[in-house]
Amino acid sequence: MAQQPIFTLQRPQTEQLVVQLGGAWTLHTDPPAPTELLAAMDGTLLHLAFSCEQLEDWDTRLLIFLKTVITAARQHQVEIDCTGLPPGAERLLLLSEAVPEKTTYSTAAHDFWVTRIGRAAIGHFSQIRETATFTGEIILAFVSLLVGKSPFRARDFFYFVQTCGAESLPIVSLISVLVGVILSFVGAVQLQMFGAQIYVANLVGLGMVLEMGALMSGVIVAGRIGAAYAAQLGTMQVNEEIDALRTIGISPVGFLVLPRMLALMLMLPLLCVYADIMGILGGSVIGVTMLDLSLVEYLEQTRKTLHLSQCGQGLMKSSVFGVLIGYAGCLRGMQCGRSALAVGEATTSAVVTSIVLIVVSDSIITFIINM
């Protein structure tokens, strides 16, 4: 059976102290408290050494004891000699001191306001430069595609077309039908007061074709596809896969970003058309059940209301939304850091940026068309 851990103190000289360790310093034993040793560190002690000739076994228990003693010795400005410790213990102590303490929050003092403004300006300029570089690489990759030098594989493009298009149909169907039902119900409450229930079809048709079809499909795709793009590219940044592509001479923008953007630009207008149809059908449910309109009458009124130019306006908006969503998602993914936290931040930033760009561009396009 292993002996209990003990330590004895020897003072060859007044300013020197030798700690002799004995027994088994393991987690299965009860070590003595270092009170006597800490009390010996008075103002006369200048040198501390260790002796392990009688030490039988040790593990983390010994390291905890030594760490406490060494920390107290340094606070009293005592010189420490660890050559008498086991080689493994000495290396672990050095390793524990070499790794800095990880902090999850900033402890830096607040800088002067001029310094903060300068740092913010430098940070914004750096972001503008990264965005301009990213945009230029996309343009160069697109030009290479036009001249017949495809920077990506065709099967990758069709895979992104499938994920953006067919796999998005269920959620687009649900949201579009519900939006059509809401528009129809809100309009019916007011129009019934004037006996003009038939114009609910006008309200729903124009609302879906001009705005809600493109807007809702864009928001849905931003949350579903834009976030996925940012997470995919961010994870590739963490795994250094994008660096590997650059090393072997393949442009990450042309190989990874361009097919994603083209797939979104192609499929979002089709999703917009599908959302328009589902929204009109959802509005017809309220028109038939609550307003006593026949389905043929409702659809005929919708056909008379809508014009090809109005449908083209919605398709143009959805095409712009597709470019912006792909751009924002891929940009945030390429700007991602090298940690799991950075991937989450990039995903969140991609969704927020995409929705903001959708709303702003929708307002601009609507204003220009109405002018």
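Tutor: What follows is a walk through the sheet, then its helix neighbours, then some other sites. Keep in mind that this is a predicted model.

Start with the overall layout. The sheet is open and has 4 strands. Their order is β1-β2-β3-β4, and the pairing is mixed. Strands of a sheet pair through backbone hydrogen bonds, and they do so either parallel or antiparallel.

Which strands stand at the edges? They are β1 and β4, the latter covering residues 79-81. Each has a single partner strand, so one side of each lacks a neighbour in the sheet. On average, neighbouring strands are turned by 20° against each other, direction ignored.

Now go through the pairs one by one. Strand β1 spans residues 6-10. It runs antiparallel to β2, and 5 bridges join the two. Together β1 and β2 make a hairpin, with 5 residues between them. To find the pairing on screen, look for Gln10. Its bridge partner in β2 is Val18.

Next comes β2 with β3. Here the sense is parallel, and the pairing extends over 9 bridges. Strand β3 covers residues 47-58.

Strands β3 and β4 run parallel and are joined by 3 bridges.

A general point comes before the numbers. Two packed helices are described by the angle between their axes and the distance between those axes. Helix α2 is residues 60-75, and helix α3 is residues 87-98. Their axes come within 11 Å and cross at roughly 60°. The two helices are therefore oblique to each other. Their crossing is right-handed.

Which residues make this contact? From α2 come Leu63, Leu66, Lys67, Ile70 and Arg74. From α3 come Ala89, Leu92, Leu93, Ser96 and Glu97. By class, the contact has 6 nonpolar residues, 1 polar and 3 charged.

Stay a moment in the loop between α2 and β4. Gln77 lies there. At 71% relative accessibility, Gln77 counts as exposed. Its phi is positive, about 60°, although Gln77 is not a glycine. Why does that deserve a look? Because most residues other than glycine have a negative phi. Glu240 sits in the loop between α7 (200-238) and α8 (241-247).

Helix α11 spans residues 308-334, and helix α12 spans residues 340-370. Their axes come within 9 Å and cross at roughly 150°. That makes α11 roughly antiparallel to α12. The crossing of α11 with α12 is right-handed. On the α11 side, the contact residues include Met316, Val320, Phe321 and Leu324. On the α12 side, Ala350, Thr353, Leu357 and Ile358 are among them. The contact as a whole has 12 nonpolar, 7 polar and 3 charged residues.

Finish with two single residues. Ser284 is in helix α9, residues 252-289. With a relative accessible area of 6%, Ser284 is buried. Leaving out residues up to four places away in sequence, Ser284 touches Leu295 and Tyr298.

Tyr199 lies in the loop between α6 (169-191) and α7. At 45% relative accessibility, Tyr199 counts as partly exposed. Not counting residues up to four places away in sequence, Tyr199 touches Leu191 and Gln301. Tyr199 and Ser184 are 15 residues apart along the chain, and their C-alpha atoms are separated by 9.7 Å.

Terms used: Residues are numbered from 1 along each chain as its sequence is written. This is a predicted model: local features need pLDDT of at least 70, side-chain atom pairs count only at pLDDT 80 or more; totals for chains, interfaces and linings use all residues. Side-chain values use heavy atoms; hydrogens and water are left out. Axes are lines fitted to C-alpha atoms, for helices over the stretch in contact, and angles run from 0 to 180 degrees between N-to-C directions. Angles under 35 degrees count as roughly parallel, over 145 as roughly antiparallel, 65 to 115 as roughly perpendicular and the rest as oblique. A crossing is left-handed if the near helix is turned anticlockwise from the far one by less than a right angle, and right-handed if clockwise. Contact means heavy atoms within 4.5 Å. Ala, Val, Leu, Ile, Met, Phe, Trp, Tyr, Cys and Pro count as nonpolar, Asp, Glu, Lys and Arg as charged, and the others, Gly among them, as polar. Two strands pair if DSSP finds at least two bridges between them. Buried means under 20% relative accessible area, exposed over 50%, partly exposed in between (1.4 Å probe, protein chains only).
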